Amino acid sequence: MSADTMPIIKLGVPKGSLEDATINLFERAGWKIRKHTRNYFPDINDPQITASLCRVQEIGEYIEAGVLDVGITGLDWLTERNHEDKVVHISDLVYSKTSNRPCRWVLAVAGDSPYQTAADLAGKRIATELQGLTQRYFDKKGVEVDVFYSWGATEAKVVEGLADGIVEVTETGTTIRAHGLRIIDEVMVSYPVLIANKKAWQDPAKRAKIEQLDLLLQGALKAENLVALKMNAPADNLPAIIEMLPSLNSPTVSPLRDGRWLSVESVVQIDVVRDLIPRLRLAGAEGIIEYALNKVI
């Protein structure tokens with residue numbers, strides 16, 4: 001095996017809620033991860049990378065210890081385990097077009113309770129999966145509470161009378177409200193992050209590979225909200241068409257064999273296309289093509 005086909009980095013892929021979105025993101029970035037039903041070591045189409053499926057809560061531990069060189073975990077679990085200063089935080093990976101939108105950890109109480117602020121919960125019992133984060137939140141506010149670990153169904157702890165409040169994760173608050181609870185504060189906003197082991201980051205070969213990962217993952221994320229538009233534009237109305245075309249820098253304009261027409265190409269936000277195409281058509285553009293982008297670097 002030649003040097004350029006030897007594994008350089010060990011990658012941690014989060015198993016669970018971030019799993020599918022992470023694998024899809026890597027595929028758009030150029031790496032296909034193929035899982036096996038009987039083990040936690042998926043194949044990846046890059047001989048310089050070996051991959052492991054790990055619980056998102058544990059990836060920070062493995063990267064800090066050097067078992068993994070790089071991986072994706074949640075900012076919440078990175079904070080919970082106090083890994084922020086023990087690993088290299090490479091980039092934030094917010095999946096705006098998937099189920100893994102930024103989520104919030106919130107403090108919630110029963111809808112009919114008298115509690116309005118964190119201070120009102122002094123001496124009360126708080127259930128959560130993030131004991132460390134929750135304890136630090138109340139410590140900063142100078143409020144003494146009894147924080148205990150919830151193994152699941154955290155919203156039900158208040159309903160069942162096992163807790164006076166909870167710190168729980170939510171995207172929209174719908175599930176919390178469905179359990180008759182009321183949000184009184186936001187503890188933190190979380191999203192996926194790409195992190196690396198400090199020694200791996202200091203190794204030139206590993207750092208180059210990690211930076212390649214980050215560059216293409218960020219490119220794939222950026223492309224999620226963009227599409228390319230290509231069209232034939234009448235030369236005598238080109239200024240009006242260019243004026244209505246947003247772009248990353250400036251639209252590409254190329255001459256056609258028939259000098260009365262020009263080829264125009266631009267990258268635009270996906271949410272403006274439905275209004276933009278009819279306007280372009282009215283301005284005389286023809287042969288308008290819209291196509292998706294895998295990456296924008």
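Relative accessible area is classed here as buried under 20%, exposed over 50% and partly exposed in between, computed with a 1.4 Å probe on protein chains only. The model is predicted, so that local features need pLDDT of at least 70 and side-chain atom pairs count only at pLDDT 80 or more, while totals for chains, interfaces and linings use all residues. Residues are numbered from 1 along each chain as its sequence is written, and side-chain values use heavy atoms, with hydrogens and water left out.

**First stop: the open sheet**

Select the strands β4, β1, β5, β12 and β6, which in this order form an open sheet of 5 strands with mixed pairing. Helices (H or I, at least four residues) and strands (E, at least two) are DSSP runs numbered from the N terminus, and two strands pair if DSSP finds at least two bridges between them. The edges are held by β4 (49-55) and β6 (88-92); each has a single partner strand, so one side of each lacks a neighbour in the sheet. Neighbouring strands are turned by 30° against each other on average, direction ignored.

Next, display β6 with β12 (residues 192-196): the two pair in the antiparallel sense over 4 bridges. V88 has A196 in β12 as its bridge partner. Contact means heavy atoms within 4.5 Å.

**Second stop: α1 against α8**

Select residues 19-29 (α1) and 204-223 (α8), whose axes lie 8 Å apart at an angle of about 100°. Axes are lines fitted to C-alpha atoms, for helices over the stretch in contact, and angles run from 0 to 180 degrees between N-to-C directions. The two helices are therefore roughly perpendicular, a class that covers 65 to 115 degrees. Show the side chains at the contact: L25, F26, R28 and A29 in α1 meet L213, L216, L217, A220 and L221 in α8. These residues divide into 8 nonpolar, no polar and 1 charged.

The whole structure contains 12 salt bridges, each defined as a side-chain nitrogen of Lys or Arg within 4 Å of a carboxyl oxygen of Asp or Glu. Select D46 and K209, which meet at 2.7 Å, N to O. D46 is in the loop between β3 (43-44) and β4, and K209 is in α8, 163 residues apart. Are these residues buried or exposed? D46 is buried at 11% relative accessible area, and K209 is buried at 6%.

R207 is partly exposed at 33%, as is E211 at 38%.

Then select R81 and E61, whose closest N and O atoms are 2.8 Å apart in a salt bridge. R81 lies in the loop between α3 (75-80) and β6, and E61 in α2 (residues 56-65). R81 is partly exposed at 32% relative accessibility, and E61 is partly exposed at 33%.

**Last stop: positive phi**

Most residues other than glycine have a negative phi. Select N82, whose phi is near 55°, in the loop between α3 and β6. N82 is partly exposed at 39%. Finally, select A153, with a positive phi of about 50°, in the loop between β9 (146-149) and α5 (154-159). A153 is exposed at 56%.

Technical notes. Angles under 35 degrees count as roughly parallel, over 145 as roughly antiparallel, 65 to 115 as roughly perpendicular and the rest as oblique. Ala, Val, Leu, Ile, Met, Phe, Trp, Tyr, Cys and Pro count as nonpolar, Asp, Glu, Lys and Arg as charged, and the others, Gly among them, as polar.
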